[in-house]
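Colleague: I have the file open and a few places I want to ask about. Can we go through them one at a time?

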Amino acid sequence: MHLIVDKDLFGLTFSGVMAEEPSTALATPPAPNEQTADIFKLNNDCLDCIFERLQDLRSEVAFAKVCQRFQWICLNRWRRSHAYDQLDMEKWRELLPNYEDLCYFIKQMRPYIKLMTVSSCLCTLLRDLDEMQIYVLPNVTSFYYDPEDMDCYPSDRSIYKMAKMMPNLLRLRLTTPIQGRYLSNFRHLQELHLYEDQHKAYELQQEYLDEICSQLPNLKVLDIRMYDVISKLRLNNCVDYLQNLSILKLNLATLKSVLPDVLKLPALKQLVVLLDTEWSIPPLASVDTFDHKIREVREFYEIMDRKAPDIVGFAVDGYYMPLEPGWDADLPIWSHRKLQRLAICSWTHAVDFLERYTCMINLQMLCLRNWTYLCDDMLVKFIELCPHLHHLDVSYCRELTPNFLHRALNILKQRESTKQRSEFTIVQPLLLYYVLCGFEDYVDLKELKTSLDYKNYIMFMDEFPVSSERGLSFVDRGYQFDFE
């Protein structure tokens with residue numbers, strides 16, 4: 001259905017801001033000899049149905065400009081759809097190539113934008129918003145800056161303007177190098193993410209880290225990891241201010257001097273440690289034959305000892321922490337058996353030691369990504385003995401076979417039957433992450449994603465579990481602890 005409306009035909013005007021639903025009458029009452037256009041005789045529900053059939057956003061904007069009533073109906077549709085809660089300027093330019101339409105639309109949606117994703121230069125974006133007379137985005141709570149041009153670093157002036165434009169920002173992620181000046185101006189900030197798994201020309205300056213920690217009392221998540229150098233940041237002057245911090249991600253070099261104080265933080269729920277890429281080679285060792293893998297594990301065991309009663313999850317990157325067989329035999333966590341999340345990735349030794357973890361009956365997430373010798377039998381034991389298992393990540397495990405799927409399905413079906421007899425009918429499906437594993441081709445060939453036989457029992461996932469890092473390990477080049 002195509003509708004063409006010329007707003008000048010009706011002699012109507014519109015206002016840029018609406019506080020309440022306008023009257024269903026014409027904005028300007030017709031003269032005695034004038035007739036009301038038929039479309040204006042329709043009620044709002046009918047108009048809403050008509051507008052629903054418009055082909056694109058450009059047509060909707062054209063209708064919205066006709067009069068205040070049309071504007072109100074279109075604005076409600078845009079708000080209800082939640083399709084425009086996130087401002088992505090590049091995408092919106094494609095949807096609205098006419099500059100006036102773009103300005104109009106952003107001004108209408110300004111109070112309802114909640115997220116911003118920026119892939120272009122931040123300075124250019126702020127200048128564009130200035131030209132559109134968009135000075136404040138009051139309800140933006142999340143901002144993600146990941147420019148395609150990695151040389152486009154945000155300037156201090158841009159951060160200062162951002163803090164004024166988004167006074168209620170709660171979550172901020174910047175993947176480019178940044179000195180950190182004015183970050184403390186985001187007074188309500190709860191999450192600050194500065195990590196990216198690539199080279200950065202420089203890291204956050206110490207004085208600005210001190211400001212962030214001391215002036216942002218609501219901070220709950222802080223990620224200051226530096227990927228390819230030994231971090232020079234220190235938390236010695238900051239720890240006392242981090243009483244509300246629940247997630248801390250940092251380099252081992254930053255953690256070393258404050259580990260006991262960090263473990264005493266009252267709200268800490270997760271600690272992620274990135275092992276530094278530089279290390280000391282013994283004088284008598286040959287640089288050609290020295291094992292390049294990182295072996296600093298003292299802090300890992302210290303955390304295990306100090307926090308054992310509170311540990312509900314841990315993850316290790318077995319490539320950069322090549323722990324020897326038997327490394328976990330005497331861990332203090334065994335007497336508590338509270339593990340809910342376990343991730344041991346890139347393991348090249350035998351799998352026998354894994355069986356001891358099947359005693360963790362509350363296990364909900366198991367990530368064994370990139371294991372060399374992981375076999376069906378070991379996985380089946382977890383399916384049998386861990387009834388709460390909900391996430392299973394076996395990506396890159398090439399030794400697994402389709403036989404595991406059949407065995408797991410039979411166990412899950414029997415378990416559901418038992419629960420139904422016990423009047424417990426709610427059974428969570430197993431979310432199986434299987435990228436490049438031994439049975440990936442079989443899943444695709446047999447179309448198991450849409451199989452009715454597997455429905456409600458196993459869901460095949462193309463991506464990695466939520467909160468997982470990308471690549472061959474659940475956590476990048478280090479380890480992670482989750483606390484009760």
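Colleague: Which side chain does Ser395 make a polar contact with?
Modeller: This is a predicted model, and in it the side chains of Ser395 and Asp393 are joined by a polar contact of 2.9 Å.

Colleague: Where is Ser395, and is it buried or exposed?
Modeller: Ser395 sits in the loop between β12 (391–393) and α14 (403–421). Ser395 is buried, at a relative accessible area of 0%.

Colleague: What is Ser395 in contact with, beyond its neighbours within four places in sequence?
Modeller: Ser395 is then in contact with Arg369, Asn370, Tyr433, Tyr434, Val435 and Phe464.

Colleague: Next, Asp482. Which strand is Asp482 in?
Modeller: Asp482 is in β15, residues 478–483. Asp482 counts as buried because its relative accessible area is 6%, and the cut-off for buried is under 20%.

Colleague: Which side chain does Asp482 reach at 3.0 Å?
Modeller: That of Arg341, in a polar contact. The side chain of Asp482 also has a polar contact with the side chain of Gln270, at 3.1 Å.

Colleague: What else is in contact with Asp482?
Modeller: Setting aside neighbours within four places in sequence, the contacts of Asp482 include Lys269, Asp310, Ile311, Val312 and Gly313.

Colleague: And Gln270, where is that, and is it buried or exposed?
Modeller: Gln270 is in strand β8, residues 270–274. Gln270 is buried, with 15% relative accessible area.

Colleague: Which elements do the buried residues of α12 pack against?
Modeller: They pack against β8, β9 (311–317) and β15, and also against α10 (252–255) and α11 (259–263). The buried residues of α12, which covers residues 298–307, are Glu299, Phe300, Glu302, Ile303, Met304 and Lys307.

Colleague: Change of topic. How do α2 and α4 cross?
Modeller: Their axes come within 10 Å and cross at roughly 60 degrees, with α2 being residues 44–52 and α4 residues 68–81. The crossing of α2 and α4 is right-handed.

Colleague: Which residues make that contact?
Modeller: From α2, Asn44, Leu47, Asp48, Phe51 and Glu52. From α4, Arg69, Phe70, Trp72, Ile73, Cys74, Arg77 and Arg80. By class, the contact of α2 with α4 has six nonpolar, one polar and five charged residues.

Colleague: What span does α4 have, end to end?
Modeller: α4 has 14 residues and reaches 20 Å from its first C-alpha to its last, close to the 20 Å expected at 1.5 Å a residue.

Colleague: Which residues of α4 are buried, and what do they pack against?
Modeller: Arg69, Phe70, Gln71, Ile73, Cys74, Leu75, Asn76 and Trp78 are buried. The buried residues of α4 pack against α2, α3 (57–64) and α6 (99–109).

Colleague: What follows α4?
Modeller: His82, with a positive phi near 60 degrees. Most residues other than glycine have a negative phi.

Colleague: Where else is phi positive in a residue other than glycine?
Modeller: Arg337 is one of them, with phi near 50 degrees. Arg337 lies in the loop between β9 and β10 (341–345), and is partly exposed at 48% relative accessibility. Leu436 is not a glycine either, and has a positive phi of about 55 degrees. Leu436 is in the loop between β13 (430–433) and α15 (440–445), and is partly exposed at 41%.

Colleague: Last residue: His199. Is it buried or exposed?
Modeller: His199 is exposed, with a relative accessible area of 56%. His199 lies in the loop between β5 (191–193) and α9 (206–215). The side chains of His199 and Asp228 are joined by a polar contact of 2.6 Å.

Colleague: And how many helices and strands does the protein chain have?
Modeller: There are 15 helices and 15 strands. Of the 484 residues of the protein chain, 46% count as buried.

Technical notes
Residues numbered from 1 in each chain as written. Predicted model: local features only at pLDDT ≥ 70, side-chain atom pairs only at ≥ 80, totals over all residues. Heavy atoms only, no water. Axes fitted to C-alpha atoms, helices over the stretch in contact; angles between N-to-C directions. Helix = DSSP H or I, 4+ residues; strand = E, 2+ residues; numbered from the N terminus. Left-handed = near helix turned anticlockwise from the far one by under 90°. Contact = heavy atoms within 4.5 Å. Nonpolar A, V, L, I, M, F, W, Y, C, P; charged D, E, K, R; others polar. Expected span 1.5 Å × (residues − 1). Buried < 20%, exposed > 50% of the residue type's maximum accessible area, 1.4 Å probe, protein only. Polar contact = N/O pair within 3.5 Å; in protein donor to acceptor, adjacent residues only side chain to side chain.
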